[in-house]
Amino acid sequence: MPTLYPLFQIIAPVMLIIVIGWLYARHRPVDMSAANRLNVELLSPLLVFAAMAGKHAQLGQYWLLMLLSTVVVCGSGLVAYLLARTMRFNPIAFSVPQMFTNTGNMGLPLWLFAFGETHFPAAIAIFVLINLLHFTLGIKLFNRHAPLSEVIKTPMVWALLAGLLVQYLQLEIPLWLIKPVKMLGEVAIPLMLFALGVRMAQFKVTRWGAGLLGGVLCPLSGLALAWPLAHALPHAQAGILLLFGALPPAVLNYLFAEQYGQDPELVAAQVVAGTLASLLFVPLALGLALNTSIGY
């Protein structure tokens, strides 16, 4: 119990909000499209900007963490692609969700609860990186004809650029301005979790076999890649990378698959099965992160 209870304290708030969203959506139809749009277009960008501008955390100091995270992304995608060809699945629909995991709805809260605000900028660095890759490389994988010019219109990119500008100029934002920005940004995390629960209640899963395979493969390949790489990182960054490796496929993959006609049923099955599998693999990753000497 002394070992398990700290893990429970980290995971329980995240899972409880997801369950509340799931229960609510099971008993009352709810349309989260407006709330999700608000989160993507305003709240999450404000969260990123506040994390970057409030503490003057230079993303450049996390270059190695971001590089190793990219290795995990590409390595997981390659493993899944080769397996999909062998199993005769749609290789894009199977491999892309393995690459782009739930750093928003699940990753940010877990990183914050596990490693605290001191190391949260490192988590933000991964979150920003994965979002940029997802909206560029991910979209191009789902649809090679999709215009990448759309990425410059996303609020997340503008929030990132604004945060980098504040850091470069070493601007001190007054408390009366940064505080409401931070307060609005903090709404993003519980709203992400609630929305994930709602989305899980709305999924109609018909491909459980392939979904379970993908749902288990995602954290297995992620952790297998992250574990040796984590030895190159200092302090809590090693734990952050391990937890990143254990995250399940992101819900956004389903939206892209549906939009571009890439077997959305297969993607939905992986998202749901992967989120359920995270009940096992996230505690494993946290245990490895908190009870080993990697990076310390």
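Biologist: What should I know about the model before we start?

Modeller: It's predicted, so local features need pLDDT of at least 70 and side-chain atom pairs count only at pLDDT 80 or more, while totals for chains, interfaces and linings use all residues. Residues are numbered from 1 along each chain as its sequence is written, and side-chain values use heavy atoms, with hydrogens and water left out.

Biologist: How many residues does helix α7 have, and how far does it reach?

Modeller: Helices here are DSSP runs of H or I, at least four residues, numbered from the N terminus. The expected span is 1.5 Å times one less than the number of residues. Helix α7 (residues 155-169) has 15 residues and reaches 21 Å from first C-alpha to last, close to the 21 Å expected.

Biologist: Which residues of α7 are buried?

Modeller: Buried means under 20% relative accessible area, exposed over 50%, and partly exposed in between, with a 1.4 Å probe and protein chains only. In α7 the buried ones are Met156, Val157, Ala159, Leu160, Gly163, Val166 and Gln167.

Biologist: How many cavities are there?

Modeller: Picture a 1 Å grid over the protein atoms alone: a cavity is a set of points where a 1.4 Å probe fits but cannot get out, and lining residues have an atom within 4 Å of a point. Points join across faces, edges and corners, and the volume is the space filled by probe spheres set on them. There is one cavity of 30 Å³ or more, and the largest cavity has a volume of about 60 Å³. Its lining includes Val72, Met99, Cys218 and Phe244. Helix α3 gives the most to that lining, with three residues.

Biologist: And which aromatic pairs turn up?

Modeller: Rings of Phe, Tyr and Trp (its six-membered ring) pair if their centres lie within 6.5 Å; planes under 30 degrees apart are stacked, over 60 edge-to-face, the rest tilted. The whole structure has four such pairs. One of them, Tyr24 with Phe194, is tilted, at 6.1 Å centre to centre and 50° between the planes. Tyr24 sits in α1 and Phe194 in α8, so the pair ties together parts 170 residues apart in sequence.

Biologist: Is Phe94, in another pair, buried or exposed?

Modeller: Phe94 is buried, at 0% relative accessible area. Phe94 forms a tilted pair with Phe89, at 5.3 Å and 45°.

Note on methods:
Helices (H or I, at least four residues) and strands (E, at least two) are DSSP runs, numbered from the N terminus. On a 1 Å grid over the protein atoms alone, a cavity is a set of points where a 1.4 Å probe fits but cannot get out, and a pocket is an open set with protein on both sides within 12 Å along at least five of seven lines; lining residues have an atom within 4 Å of a point.
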